[in-house]
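Subject: Structure handover

Hello,

Please find the structure below, with my notes after it.

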Amino acid sequence: MSTSWKQLLFQTVLLLISCRPTQTKTSGPTPPPLVPISPLSTAVRSVVLEGDSHTEKVELENPVDLELECVWSGNLNNLPNVTGVWRKGGDELENSRLAVPLENEKYHLRRVFRIVSEENLGNYSCVFGNEAKVDFILAAPQMGEVRDKPIVSYVGDSVVVVCKMEATKPKPLSWNWYKANGTDKEQIIYAAESHQYEIKDKDWTSKLVVHNLTEADSGSYHCEAVYALGTTMGHVELKVITLWEPLKPFIAILVEVVVLVAAILLYERSQSKKKCSGENGTNAEQSNTL
Amino acid sequence: MTSSEPKAKKSGGGGSEAAEDGDWSWALVGALFVSTSLVFGLMRSLGVFFVEFVQYFEASAQAISWISSTGLAAQQFFSPLGAALCNAYDTRVVVMTGGVLAALGFILASQATCLVHLYLTMGLTSGFGWGLVFTPMVATVVANVTRRRTLALGLGFSSIGIVSFVFNPLFQFLVETYGWRGALLILGGLSLNIVACGALIRPKPRSKAPEKVDSEKSSSSSSLLRRLSSYLELPLLLERPYLTYTAAVTLLNVGYFVPYFHLVAHSRQVGFSEYEAAFVMSAAGASDILGRVASGWFSDLGHFRLIHLLSLWTALAGLFIMLLPISSLSGSYSMLVVISLLYGFCSGALTSLVFAVVPMIVGVERVMGAIGLLQLIESGAGLLGTPLSGLLKDVTGTYTASFLVAGGFVVLGTLAMTTLPHYFSCSDPPAPRRRSHRDKDKSLHLELEQINCAPPDPSHGGGQ
């Protein structure tokens with residue numbers, strides 16, 4: 001019985017020793033934990049630097065283990081070792097400063113980043129000494145063709161506001177719509193609750209249908225494509241006007257046409273009057289009636 | 001109320017008498033300029049609206065393109081009707097009505113709630129209005145301008161190209177400021193200017209009036225049919241020269257417009273950038289305007305017969321169309337631009353002449369009906385030409401076959417023209433006269449002239 005107690009004590013002590021809380025950082029990617037968790041898919045982005053700096057856009061939609069690689073061919077005096085450092089948003093990452101050896105006339109700087117949430121996105125840079133830099137901008141897929149001209153519509157009419165993600169990019173998980181009223185306060189649109197709005201989401205497109213427009217509906221409409229890692233925004237302007245607006249130039253043109261026609265007909269009548277009165281005397285009575 | 005310059009209007013005999021084209025005739029040319037720009041210039045610049053329609057009605061681009069196809073088809077289909085109405089009634093009233101209808105089409109279209117509304121308003125109604133406007137205006141200018149006829153037509157038709165530089169940005173601005181509904185409403189207002197153009201046409205005593213007096217049985221169907229056929233100038237269809245000419249122009253129409261549809265796509269396919277392809281199109285368009293005016297001016301100098309000049313331009317146009325794909329095969333951009341410029345010039349040059357030749361063949365009196373029927377018959381060619389070229393492209397993969405076939409049709413049209421009677425003689429044959437009772441004609445004219453308070457036209461009754 002004493003050996004089983006000893007065994008239990010020994011196991012308990014072992015358990016207490018191994019169960020240490022792991023330190024988590026609030027910023028930056030989590031370094032690979034001691035206990036392996038479910039593996040993510042991997043992706044690699046490699047940039048060969050020509051010149052001093054380069055910016056690379058990386059679009060991610062799902063959590064991934066992203067390996068970023070920077071290759072630099074150096075300058076005229078290539079030292080055997082150069083200091084390489086990784087930065088996120090300008091701040092240097094812990095344990096990232098190391099000496100990069102020269103291999104085959106090039107310096108290679110590699111690091112794997114675990115991207116699992118929106119905080120992990122941002123601007124990552126690899127820096128060689130103080131000379132060369134590559135910026136990787138990690139973001140959710142950006143919207144392609146967003147209409148930059150405002151949509152013009154009329155009071156009482158209905159309008160379709162469209163936000164499209166390019167079909168080459170991954171499909172968004174869901175869409176949200178917001179309305180801004182000139183001030184920066186955005187209000188989310190709940191289509192289910194209102195009679196005026198209808199949201200139709202299909203594959204890469206989201207359409208907001210607004211019925212029974214009033215002038216108050218003018219403003220900026222923001223659409224948000226939601227991905228696992230983050231969201232992207234796009235916006236469209238809507239302008240609602242009354243029928244009176246185009247009617248003004250229309251009436252002006254109408255008046256111009258009436259004046260022209262009247263002038264032409266009057267001129268013609270006066271020309272033939274001149275002829276009639278100036279010529280045959282027998283036609284005098286006719287010119288009186290004209 | 002007739003014109004105050006008796007010599008300006010020539011309705012009797014061939015236009016070979018050197019009549020002075022007075023100021024009023026040039027006012028008519030101005031009216032042709034404005035009305036043509038509001039018909040065809042407008043039609044060509046509707047692309048801005050189509051983008052909006054695709055988004056608003058959630059329709060395909062092809063469904064939307066049917067709107068302008070319907071409009072063009074209606075314009076060509078109703079041309080003989082417009083001509084007949086002018087022969088039966090007053091040209092001025094017909095053109096003014098056409099202007100009102102065209103404007104009405106756009107005004108109603110601004111209230112459209114579904115695609116079918118657009119087909120009926122922008123397509124059918126406006127197209128019908130345009131049919132009542134274009135043929136009468138062209139025929140009026142042809143009948144009233146004699147010495148500088150081709151130049152007048154060239155100037156009038158050059159409006160299409162010139163005005164597209166203005167309309168495209170203007171329509172873009174209108175759509176951005178007022179939306180497509182407001183922009184269509186304003187376009188309707190703009191189209192009303194056609195009414196002012198129509199007001200410039202002065203009524204003249206119709207030599208068709210004797211037809212009405214002749215047939216004393218007024219309401220029997222056979223006399224009605226006879227009158228109808230004379231208004232529509234249907235007997236023309238039985239005359240070999242007119243038929244030959246119509247066939248030639250129809251063959252011409254199958255091919256000569258193909259480059260405008262496919263040049264940009266062809267340039268892109270060969271490997272040039274978007275801007276280079278767009279520049280090729282603009283270059284062709286600009287030389288088109290130049291060609292219309294230059295050919296008009298040159299033809300009126302009288303050194304050559306109009307029909308010979310027309311065959312020259314059509315033959316060259318066909319040749320350059322066929323050379324287009326071959327020039328781009330070599331990969332040289334400047335070759336492509338040069339051939340496109342030459343093609344543009346020739347295609348513009350021939351448009352001035354196409355209608356100017358008509359009075360040579362049918363006589364000035366029948367020009368109205370002749371042009372109406374010509375428009376109708378050549379519309380079939382347009383319907384055939386573009387789909388055929390598209391089909392050839394789909395089957396062969398490149399535009400080479402489309403261009404070669406199009407050029408071939410144009411050359412065929414030229415060959416058809418050479419079969420016109422008296423083609424190879426050095427001077428124009430005498431123009432045919434309408435067969436009517438000469439005596440009744442003369443006396444009726446004297447009466448009409450007294451009523452309308454114009455001095456008797458000395459050359460009218462006796463012109464050969």
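In this predicted model, domain 1 of chain A and domain 2 of chain A bury about 630 Å² between them, and 63% of that area is on carbon and sulfur atoms. On the domain 1 side, A:Glu59, A:Glu61 and A:Glu118 supply 65% of the area buried against domain 2 of chain A, more than any other three residues. The contact involves 10 residues of domain 1 and 7 residues of domain 2 of chain A. The assignment places domain 1 at 42-139 and domain 2 at 151-241, and 38 Å separate their centres, taken over C-alpha atoms.

Chain A also has an open sheet of 3 strands in the order S11-S15-S14, with antiparallel pairing. Strands S11 (159-164) and S14 (197-202) of chain A are the edges, each pairing on one side only. From one strand to the next the twist averages 15°. S11(A) pairs with S15(A), residues 205-210, over 6 bridges in the antiparallel sense; A:Val160 stands opposite A:Val209 of S15(A).

Just after H10(B), B:Glu233 has a positive phi of about 55°.

Regards

How values were computed
Residues numbered from 1 in each chain as written. Chains lettered and ligands numbered in written order. Predicted model: local features only at pLDDT ≥ 70, side-chain atom pairs only at ≥ 80, totals over all residues. Heavy atoms only, no water. Helix = DSSP H or I, 4+ residues; strand = E, 2+ residues; numbered from the N terminus. Pairing = 2+ DSSP bridges. Axes fitted to C-alpha atoms, helices over the stretch in contact; angles between N-to-C directions. Domains from an automatic or database assignment. Contact = heavy atoms within 4.5 Å. Buried area = accessible area lost by both parts, 1.4 Å probe.
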